[in-house]
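The sequence and structure are shown first.

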Amino acid sequence: MGRTSFPQVSGTVSHPLATVTFVDVVEGRWQVEQVFALAPRPNSIAAAQPLAVPTRWVATGCDHQGVWGRCVGSGAEPYDVVVDHTRVRMHCACASRVRPCKHSLALLLLWARGQVAQVASPSYARTRLEGWAAVDESSAVPASSGPPSAAAPAPTGAGSAGTAPSGTPPTLPDPSGRDERVARMMAGLVELDRWLDDRMRTGLADPALAQYRTWDQLAARLVDAQVGALSNRVRRLAGLVGAGPDWHQHVLAELGMLHLLADAGRHLGTLPPGLADAVGLAIGWQIRQADVLAGVPSTDEWVVMGRSDVREDRIEVRRTWLRGRRSGQWAMVLSFAAYRQTLDASFTVGTAVHADLFRYPGALALRALAGPRHSAPEPALDVEAGSVAQAVAEVGRCVALEPWVDRLPVCLRAAPTRAAGRWVLTDTEGSLPIAPGAPGIAALLACSEGRPVPVTAEWTPYGLVPLTVHLTDRAVDIGPVADSSFVGASA
Amino acid sequence: MSPVQEYWDQMVTVALLGTDRREPPAAPPGGLADLAADQPLPTASQRLLQQVAATAVVRRAGVQPGPVAEVVAPPDADPRPLTPPSATATWHRVVSDWPVLEDEWVLTVVRNGHRLAPELVPPLLARHRADGVRHARVRAAAGPLADWMISWSPRLACTSKQRVVPELVAEVPELPITPDLVGLLSAPPARVAEVVAGGLSSGALAVSHRPVLVNLVARVQPAALEPLAVALDRVDPSRSTIGIALALADLARLRHHLLTELEPA
């Protein structure tokens, strides 16, 4: 197979990680620095490096036009990756909004290091490469040619599969309708912000706010715009109207959070990667479980610290809060049940299990999927509990990372008591209010008998929701329980 | 009051009235004012929305512990051993599947010298607040913790005006059983198994007998429970009474379990 000589390039690549001068290309193969220059974000290369090893790839190959391979994640379908290195086009089957993704960069790094053999292209790569060539021939706009240089800045933000790094529009039709979906989401976010603006203009005393229809219509439009998570948030917000004497404050703060998300969602491409992922999840960007399971697992002795069931519209949501014994990191596994379906009861509060968890991306990255479990659950009675001040500091740190977060886990040693007409958890440094109407207050009081005990709770903007009392001989699950007439038999 | 809190309160007032009627307040010096200066917005409603979002984040991220609160005095000590954790699970099963056993479960706790696990005290007090006898029974099982809990949570107090007779508290209530079966309450275990399982097999006892059979199993002497469960398992599966036979076997086993589980150590 003959090799096409790569156009010789000289110049300087400016990159947030380094400024690299390169002068030549050997036999068409790129230099590592040229791959670096493609990175859309400072940490893209850092994310790609662990994947740029032959053990993470199968069926790699290259020829005069392209490089291809299948990136193997843990337990998921491998991603097909194809790169046209002559015209700098890439395709990866992953769902990342950032292009080039870490898989494409990793394949290029592998190739640049001479770890990809020249072989005949498989059908999926040949089809992709020929498709790009055919489009080029029929298109009046030529694709960018040659490897990246200082004159070809790397793109940022959302892009479809096959986006050229020079910023040219996608050259292949988007088979998944991704662009259409992004446009619909953006329109939905704009509409949401306009609606919020109207609320500010007319005021919260507007009688329309007391009608559920007002909120329901907005929520329905957000569902149509495929920002389902915001729709859920709006429905929850509707329940705050008129609930308690301070409802105006709570509703106003939540409207502020919606504005924050609507604004951030419209500027996803300009946000740092972790924050962009968190915003994407918070507005309802779907991430396939297979993609999450393709990530690197967090393996630890996971202590099941608490459980909380909450009805959200027509779905019962179970949050199971886990904390790694070694890492000390929190994680949250979600389970959903519609009417008469069952919630996941495989995690028992007060036990620990050696398992893999796969985290969703995000600034906090609390949400995770449970992977393989390497041991049977064992009782976990000795938990580390901090002070009220430590819990507050941790909540502040997390809220600063993801301001719209409305539930965070804390484990603190404190005593339940009454202060200023409401229940609080107190220690010798301070106190934190318990959410009014939290179902576990009586059980917490009975189990503690008014003494300081380790308590796992969910922090919410309205106060703590006690989930678990960790006694010396057992953990007592006192978290909110799903209505048994709604869900099926669940623990 | 902190400047941020004061600013927030002013914004709540403006948000209630709407910016069509009132201008948003000026942000206090600092980050919020900087934000307003860096991102000037054309309309009052947009400015308010921007400041509401930013201030809500500041308030949540900057949450501070409240003042130290005085802890409550604990209840008087109760030297009785707690019911074992497995008994808590048994109580949940009794309540959901065979509530006819609940009176006996609570009385067994008291008679065998246990005290209720604390996590069961609030739900049991709340469950029986309208029944003076049962509420008194729960208080006996819970010890000083019950009155202490009621003092902190008055909704757990008994609402019944009925006078509580101590004899009723100390005994399981009688359940209606037909005269032809009442003799089985004190009959030898083998005889109980023979009559009940045999009757269901032969058709002498039918589905219509279910309520009295449940009452019988709930009150029959404990020694008869195991043989009865075994005999009920052997009822011909093709008989129409197989469903009630299996249900009664489950009831017999659960009752046997709760009685043995709560035996004094």
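Predicted model: local features only at pLDDT ≥ 70, side-chain atom pairs only at ≥ 80, totals over all residues.

**Crossing of the chains at H8(A) and H3(B)**

On the side of H8(A), the contact is made by Leu252(A), Ala253(A), Leu255(A), Gly256(A), Met257(A), His259(A) and Leu260(A). H3(B) contributes Leu49(B), Val52(B), Ala53(B) and Ala56(B). By class, this contact of H8(A) with H3(B) has nine nonpolar, two polar and no charged residues.

Helix H12 (residues 441–448) of chain A and helix H8 (residues 144–152) of chain B have axes that come within 11 Å and cross at roughly 140°. That angle makes H12(A) oblique to H8(B). The crossing of these two helices, H12(A) and H8(B), is right-handed.

Ala442(A), Leu445(A) and Ala446(A) of H12(A) meet Leu145(B), Met149(B) and Trp152(B) of H8(B). The contact of H12(A) with H8(B) has six nonpolar residues, with no polar and no charged ones.

**The chain B side of the interface**

The contact between the chains takes 48 residues from chain A and 41 residues from chain B. On the side of chain B that touches chain A, the elements that give two or more residues are helix H1 (3–17), H3, helix H6 (121–127) and H8 of chain B. H3(B) supplies the largest share of that side, 10 residues. By class, the chain B side divides into 28 nonpolar, eight polar and five charged residues.

**Packing of H1(B) on H3(B)**

Within chain B, H3(B) also packs with H1(B), at an angle of about 140° and with the axes 10 Å apart. H1(B) and H3(B) are therefore oblique to each other, and H1(B) passes H3(B) in a left-handed crossing.

From H1(B), the residues Val4(B), Tyr7(B), Trp8(B), Met11(B), Val14(B) and Ala15(B) take part. They meet Leu48(B), Gln51(B), Val52(B), Thr55(B), Val58(B) and Arg59(B) of H3(B). The contact of H1(B) with H3(B) divides into nine nonpolar, two polar and one charged residue. Val52(B) is listed in this contact and also in the contact of H3(B) with H8(A).

**Helix H14 of chain B**

The 20 residues of helix H14 (residues 242–261) of chain B should span 28 Å at 1.5 Å a residue, and this agrees with the 28 Å between its end C-alpha atoms. The buried residues of H14(B) are Ile244(B), Ala245(B), Leu248(B), Ala249(B), Leu251(B), Ala252(B), Leu254(B), Arg255(B) and Leu258(B). An α-helix has 3.6 residues a turn, so residues three or four places apart point the same way.

Among the elements covering the buried residues of H14(B) are helix H4 (85–97), helix H5 (102–111), helix H11 (189–202), helix H12 (210–219) and helix H13 (225–233) of chain B.

**Overall features of chain A**

Chain A contains 12 helices and 18 strands. Of its 491 residues, 46% count as buried. Among contacts in chain A between residues at least 6 apart in sequence, 64% join residues at least 24 apart.

Ala134(A) lies in helix H4 (residues 123–138) of chain A. With 12 other C-beta atoms within 10 Å, Ala134(A) is exposed. Ala134(A) and Pro436(A) are 302 residues apart along the chain, and their C-alpha atoms are separated by 65 Å.

Key:
Residues numbered from 1 in each chain as written. Chains lettered and ligands numbered in written order. Helix = DSSP H or I, 4+ residues; strand = E, 2+ residues; numbered from the N terminus. Expected span 1.5 Å × (residues − 1). Buried ≥ 20, exposed ≤ 12 C-beta atoms within 10 Å, placed from the backbone. Contact = placed C-beta atoms within 7 Å. Axes fitted to C-alpha atoms, helices over the stretch in contact; angles between N-to-C directions. Parallel < 35°, antiparallel > 145°, perpendicular 65-115°, else oblique. Left-handed = near helix turned anticlockwise from the far one by under 90°. Nonpolar A, V, L, I, M, F, W, Y, C, P; charged D, E, K, R; others polar.
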